[in-house]
Amino acid sequence: MLLSGWFIALLATGYLALLFAVARFGDARADAGKSIISANVYALSLAVYCTSWTFYGSVGRATSGGLSFLTIYIGPTLMLLFAGVILKMVRISKVHRITSIADFIASRYGKSQLLAGLVTVIAVVGVVPYIALQLKAISASLAVLFAQAGNDLFPWWLDTTFLIAIVLALFTIWFGTRHLDATERHEGMVAAVAFESVVKLFAFIAVGLFVTYGIFGGLGDLFQRAAASPELARLFSLDSGRAGTWTAMVLLSGLAIIFLPRQFQIIVVENVDESHLRRAVWLFPLYLLLINIFVLPIALGGLLHFQGQAVNPDTFVLTLPLAHGAQGLALLVFIGGLSAATGMVIVETIALSTMVCNDLVMPWLLRSTWLQAEKRQDLSGLLIGIRRAAIALILLLGYIYFRAAGEAYALVGIGLISFAAVAQFAPAMFGGMYWKQGTRAGAVAGLLGGFAVWLYTLLLPSFAKSHWIGGGFVEDGLLGVGWLKAQALFGLAGLDEISHCLLWSLFANIGLYVVVSLNSRPDATEARQAERFVDIFRHAGRETDARLWRGSASVEQLVALLERFLGPARARQQMASYAASRQIADWKKMSADADFVHFAEAELAGAIGSASARVMVASVAQEEDLGLDEVLDILDEATQVRAYSRELEVKQHELQAATGELRAANDRLRELDRMKDDFISTVTHELRTPLTSIRALSEMLHDDPRLELSDRKRFLGIIVNEAERLTRLINQILDMAKLESGRAEWTTGEVDIGEVVREAMDALGQLFRDKAVALEGDIPASGPVVLADRDRLTQVMINLLSNAVKFVPGGTGRVQVRVAVAGQRVRVEVADNGPGLTAEECNVIFEKFRQGGNTLTDKPQGTGLGLPISRQIVEYFGGNLWVESRPGAGANFIFTVPLPASEE
Amino acid sequence: MGKKILIVDDEPNIIISLEFLMKKEGFEIAVAGDGDEALAKVASFAPDLVLLDVMMPKKSGYEVCEALRADPARAGLLIVMLTAKGRDTEVAKGLAIGADAYVTKPFSTKELVAKVKGMLGVA
């Protein structure tokens, strides 16, 4: 028979042994540096959230509250959406080697031992009954199985629940206290917890499938039958009247997923890789969804099946299979429930024992004279001993509470009561992470206020309902004062007890935290920690930290301290790895600088908590007290340094840009210099050419008096021409230089362009007639008037006309001049029937000293400056000068000058 | 038999003065107005010396000089570069590509005559 007592005991023991093996394997792999904690394992380990309270209790809740059991799963799902908040928590904890939620809060508010102790007390008071609930769940499930089997295993005097507590204590001690350093993760434990998560999910889905498809004819059948009963139909409708409860429950469970000590342990302390969070964000909600799918079907199935019988709905998952003879399935469910309970108890007690050891026992021990007397002793063994004792004590407390409470209300409702207790950590935690002004005084006041309200409105009334204390303060208010009724404070009635407590406790908590924070001044340590927590992502380097410590210490003393608390072997190992990170071969040669002191303190914090670590380091180092103002100055300076470095970066960019511009400007200058050089070289050439003829011919005339008269006349003619050419050249060069430098003098007035053009044509008339070139004009009688310099315009016209006559063939040559108004401009064209220009020449001829080739004469008479000068002049008046031409099709030089803006 | 000189320049007035100057000294003269014509005249006229202007249309004096020096049949031809650009780099360039002498414009007629006579070995 499967359900014999011996077999059940054997099965449970075998399962625990399997967990041992999994944990052992995880630890072995961790020691070998091959961690098995993957993103999936991490996400599954979060499901330690699903305890036996939910494994058995969800069905129970569903039988009375319908879908409301879902709220405690919706909250965590929503909370995980704020992955950034959790990530910041993880990062802060890693940097500061945080060991627990108490350590986190204490460290943030100036490494306060008072605050650490307070958080620990709240956590222990809030969570120990929850542990009792797990013992009850195991005990109840055993009772169901044994009722079936007949309890023939244990003698009447041996309490199975006590036995379970002892086994769990031993199990947890073995799991959780292998190493001292709490930030040294318990990878074996995490692996075992993830394994248990899989087992409980598997068991729950198995029983769900059995009930839905084995007992009933599927979901449709189940819901149809339930719908037939008005009492059951109520369960799967959403009751809007309970919306307040829903909101409170979602908020409560959302906070619990982070702030329950075991959840903080798993999510934050045991996190090995921040990227694992990304997986958990969807995998954990998926897990919650899967484990909840069959809650309502099982609840409905149980109610339908056991109609009229007094069967506890919390045990439906066991009693339904048993009622149908599925003993194997019942045993699987038992193992699933055992998984849920042991997972919770192990992680919770480890987390609580760390807090009790570091934040309650250590501060007291460090002050005691007994410890002073044992100065030289290695204390690591003592610390482990304290933790082991704390684990045993917490489980003992849980057992005592279970014994005392029994079936009383105080136990059944404790799950949510625990949630409400740890929700009190939220203001101090979130405020500490995002609000630098939050102070220790504010955190203490908020926690005390919230905790007091929680005690008065939730825990004590639950005691009263169990008839342990008088219920007067609930019924009539404290001392008969009406508005002090415990569950209708200030007359706020109509809410359920959880919503009521949450509203008032968080109101008191947040109010006191904010008001007291704003009215208190942090001390130096607090201000520093506030900065380091809130700006954790910016304070990556150690520089600021190092600057915030001044004093002197000896390496020997600090190492002695580490050896005392970590044990000599581990201390040396840590020292060696620190030395290696600083590139120092031998740690004995290090100096006790600020950085080293920080390292030592962080190592100690990992073992005994940040508050105690601070006290210990202060006891061996001669520290200079930095005043608050000084700390703020340094932090300010650090902020400024960041601002400066950003500014520097900007400046550097600007500098690079400026350098680039300078280089470009330099290149331009060099190019200009080269052009000037070329220009001078060209000018020199242009000047030397006529000079060559003049000198050669004059020398010959001078040297040879017998030269024939005709030669003399010819040479003198050439000399005169070349001298004229030289004069013209010099004048034009000077003109060009004046135009280019902007020093030219302009006499601007109203000029009749038609008149200017006619005068220029008249002036050059003889030249055209000499070469027999036709000159025709198409000019308005009274030409358009523009604002310009009359002489300069004449200069342009003469240049264009003399160019034209130069390039057209004598006899057949023809030059046409047109003046017209086009839009807002006067357009003047000088068209010839000469050889024309190539596209390239059309541009080149406007450059200095670049005369058009392909001329009819061998060498065009001209300086090569006429067109560049003309273009400068026209552009000065706001116009353009260009040429339109094709080889063989003549050239058409065109310039425009804008008409003055009409002032109509 | 008198020595033959080819005068190459794109400035007609310079050609006039050089031609007159050299004829008076008894040389046989031919003239060319650009680089292409110069190469043609060297072939047809077979001068002993070329007075070669640098800045000319079509083909510069440098190009003409290079072409002449590349022709082994003209190995004995003397080349005097004439230029209005007096920069050292240009003098160096002219001599580097094989000119025998380099004269800067405006030049002294007496010196030019003396230089040409000296190069041709005419007393």
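In which helix of chain A is A:L19 found? A:L19 sits in helix 1, the helix made of residues 5-31 of chain A. Please keep in mind that everything shown here comes from a predicted model.

View 1. Is A:L19 buried or exposed? A:L19 is buried, because 25 other C-beta atoms lie within 10 Å, and the cut-off for counting as buried is 20 or more. Leaving aside residues up to four places away in sequence, A:L19 touches A:A192 and A:F195. Look for A:F171 as well: A:L19 and A:F171 are 152 residues apart in sequence, yet their C-alpha atoms are 9.6 Å apart in space.

**View 2. Helix 6 and helix 22 of chain A cross.** Two packed helices are described by the angle between their axes and the distance between the axes. Here, helix 6 (residues 101-108) and helix 22 (residues 425-434) of chain A have axes that come within 10 Å and cross at roughly 50 degrees. Because of that angle, helix 6 of chain A is oblique to helix 22 of chain A. The crossing of these two helices is left-handed. Which residues make the contact? From helix 6 of chain A, find A:I101, A:F104, A:I105 and A:R108; from helix 22 of chain A, find A:F425, A:A428, A:M429 and A:G432. Sorted by class, the residues of this contact are 6 nonpolar, 1 polar and 1 charged.

**View 3. An open sheet of 5 strands in chain A.** Strands of a sheet pair through backbone hydrogen bonds, either parallel or antiparallel. In this sheet of chain A the strand order is 4-6-7-9-8, and the pairing is mixed. Which strands stand at the edges? They are strand 4 (774-778) and strand 8 of chain A; each has a single partner strand, so one side of each is left without a neighbour in the sheet. On average, neighbouring strands of this sheet are turned by 15 degrees against each other, direction ignored. Helix 34 (residues 753-771) of chain A packs on the sheet, where it touches strand 4, strand 6 and strand 7 of chain A. The direction of helix 34 makes about 175 degrees with that of strand 6 of chain A.

View 4. Start with strand 6 (residues 814-822) of chain A, which runs antiparallel to strand 7 of chain A and is joined to strand 7 by 8 bridges. Along this pair, A:V817 stands opposite A:V830 in strand 7 of chain A. Next, strand 7 (residues 825-832) pairs with strand 9 (residues 891-898) of chain A, again in the antiparallel sense, over 7 bridges. What stands opposite A:E829 in strand 9 of chain A? That residue is A:I894.

**View 5. The hairpin of strand 8 and strand 9 in chain A.** Strand 8 (residues 880-885) and strand 9 of chain A pair in the antiparallel sense over 6 bridges. One spot to look for is A:N880, whose bridge partner in strand 9 of chain A is A:T896. How many residues lie between the two strands of the hairpin? There are 5, and A:G888 in the turn has a positive phi of about 85 degrees. Helix 37 (residues 866-876) of chain A lies across strand 8 and strand 9 of chain A, running at about 130 degrees to strand 8.

**View 6. A parallel sheet in chain B.** Now turn to chain B, where 5 strands form an open sheet in the order 2-1-3-4-5. Strand 2 (28-32) and strand 5 (101-104) of chain B stand at the edges with a single partner strand each, so one side of each has no neighbour in the sheet. The twist from one strand to the next averages 20 degrees. Strand 4 (residues 78-83) and strand 5 of chain B run parallel and are joined by 4 bridges; B:V80 has B:A101 as its bridge partner in strand 5 of chain B. Helix 2 (residues 35-45) of chain B lies across strand 1, strand 2 and strand 3 of chain B, at about 170 degrees to strand 1.

**View 7. Where chain B touches chain A.** The contact takes 18 residues from chain B and 18 residues from chain A. On the chain B side, helix 1 (residues 12-24) gives the most, with 7 residues. By class, the chain B side has 9 nonpolar, 4 polar and 5 charged residues.

Definitions and conventions
Residues numbered from 1 in each chain as written. Chains lettered and ligands numbered in written order. Predicted model: local features only at pLDDT ≥ 70, side-chain atom pairs only at ≥ 80, totals over all residues. Buried ≥ 20, exposed ≤ 12 C-beta atoms within 10 Å, placed from the backbone. Contact = placed C-beta atoms within 7 Å. Axes fitted to C-alpha atoms, helices over the stretch in contact; angles between N-to-C directions. Parallel < 35°, antiparallel > 145°, perpendicular 65-115°, else oblique. Left-handed = near helix turned anticlockwise from the far one by under 90°. Nonpolar A, V, L, I, M, F, W, Y, C, P; charged D, E, K, R; others polar. Pairing = 2+ DSSP bridges.
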